[in-house]
Amino acid sequence: MKNLQLNLSSYATLVFDCDGVLLNSNKVKTQAFYQAALPYGEMAAQALADYHVANGGVSRYKKFSYFLEHIVTEHIEGITLENLLDCYAEHVKSGLLSCDVASGLRELRSETPNTRWLIVSGGDQAELREIFAQRKLDDLFDGGIFGSPDTKEDILSREKNNENISSPALFIGDSKYDYKAASESKIDFVFMSEWTEVANWQQWCIENNISTLRNISYMSKTASH
């Protein structure tokens, strides 16, 4: 595990995960999965919440499909995948509009005027774009805001192919899936630890020689940490 001293001027593109990196929203999402699954009982709801935490960064579509196929054996009549997704989205939206935004974000943007910024998230793309517009943060991401139902691997591949992601690029994430997606796309990776839900993240980063920073403010020269 390396505490990173970043030379940001060397990167043409910065790619940000959303939950746990830009927004302190990991717990918002975990609670929303639990609440959406409660009609199936507390044990099933907790099982889905646990599955979500263990698979950070994977889209809600895959997680609820897994829930219906593998966690609950009998389905409740009238509760479809679409119902679960809608319930989840209702709980998430209010949380995303009120949770903390990473400190130092605008300072970092001003320090990287020639670097393209993108969001590549497991969150719903339309929802993300609405939330970031309402919170007046969308102007920071000149490369666009992207999310599910497309996977992170597909988004990164597509945006590299259309030259929206120029090399060298850096992915800033807080999950094992973020690291996997960045590695497969041959994009550098730094792990943000402050809001992560990865258990034993220190050991995992050491074992994989992953660079770490506490939060976004540690990337900025001028932000107070």
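Which domains does the domain assignment of the protein chain give? The assignment gives domain 1 (8-23 + 102-219) and domain 2 (27-98), with bounds taken from an automatic or database domain assignment. This is a predicted model, in which local features need pLDDT of at least 70, side-chain atom pairs count only at pLDDT 80 or more, and totals for chains, interfaces and linings use all residues. Residues are numbered from 1 along each chain as its sequence is written, and side-chain values use heavy atoms, with hydrogens and water left out.

**View 1. Domain 1 against domain 2.**
The C-alpha centres of the two domains lie 24 Å apart. Contact means heavy atoms within 4.5 Å. By that rule, 17 residues of domain 1 are in contact with 18 residues of domain 2. Together the domains bury about 1,500 Å², 50% of it on carbon and sulfur atoms. Buried area is the accessible area (1.4 Å probe) that two parts lose on being put together, summed over both. Glu 127, Ile 131 and Glu 197 supply 36% of the area that domain 1 buries against domain 2, more than any other three residues.

Three salt bridges are counted between domain 1 and domain 2. Each is a side-chain nitrogen of Lys or Arg within 4 Å of a carboxyl oxygen of Asp or Glu. The side chains of Glu 127 and Arg 60 form a salt bridge at 2.8 Å, N to O. On the side of domain 1 that touches domain 2, β3 (116-124) and α6 each supply at least two residues. The most comes from α6, with four residues. Helices (H or I, at least four residues) and strands (E, at least two) are DSSP runs, numbered from the N terminus.

**View 2. Aromatic pairs.**
The structure holds 14 aromatic pairs. Phe 16 and Phe 141 are edge-to-face, because their ring centres are 5.9 Å apart and their planes at 80 degrees. Phe 16 sits in strand β2 (residues 13-16) and Phe 141 in the loop between α6 (125-134) and β4 (144-148), 125 residues apart. Both Phe 16 and Phe 141 are buried. Phe 191 and Trp 201 are stacked, at 5.7 Å centre to centre and 25 degrees between the planes. Phe 191 belongs to strand β6 (residues 188-192) and Trp 201 to helix α9 (residues 201-207), so this pair ties together parts 10 residues apart in sequence. Rings of Phe, Tyr and Trp (its six-membered ring) pair if their centres lie within 6.5 Å; planes under 30 degrees apart count as stacked, over 60 as edge-to-face and the rest as tilted. Ring pairs also link Phe 171, Tyr 179, Phe 189, Phe 191, Trp 201 and Trp 204 into a cluster.

**View 3. Two serines.**
Ser 59 is found in the loop between α2 (42-54) and α3 (60-71). Ser 59 is buried, at 9% relative accessible area; buried means under 20%, exposed over 50%, partly exposed in between (1.4 Å probe, protein chains only). Not counting residues up to four places away in sequence, Ser 59 touches Gly 122 and Ser 148. Ser 220 is found in the segment after β7 (211-213). Ser 220 is buried, at 5% relative accessibility. A polar contact of 2.8 Å joins its side chain to that of Glu 111.

Technical notes. Polar contact = N/O pair within 3.5 Å; in protein donor to acceptor, adjacent residues only side chain to side chain.
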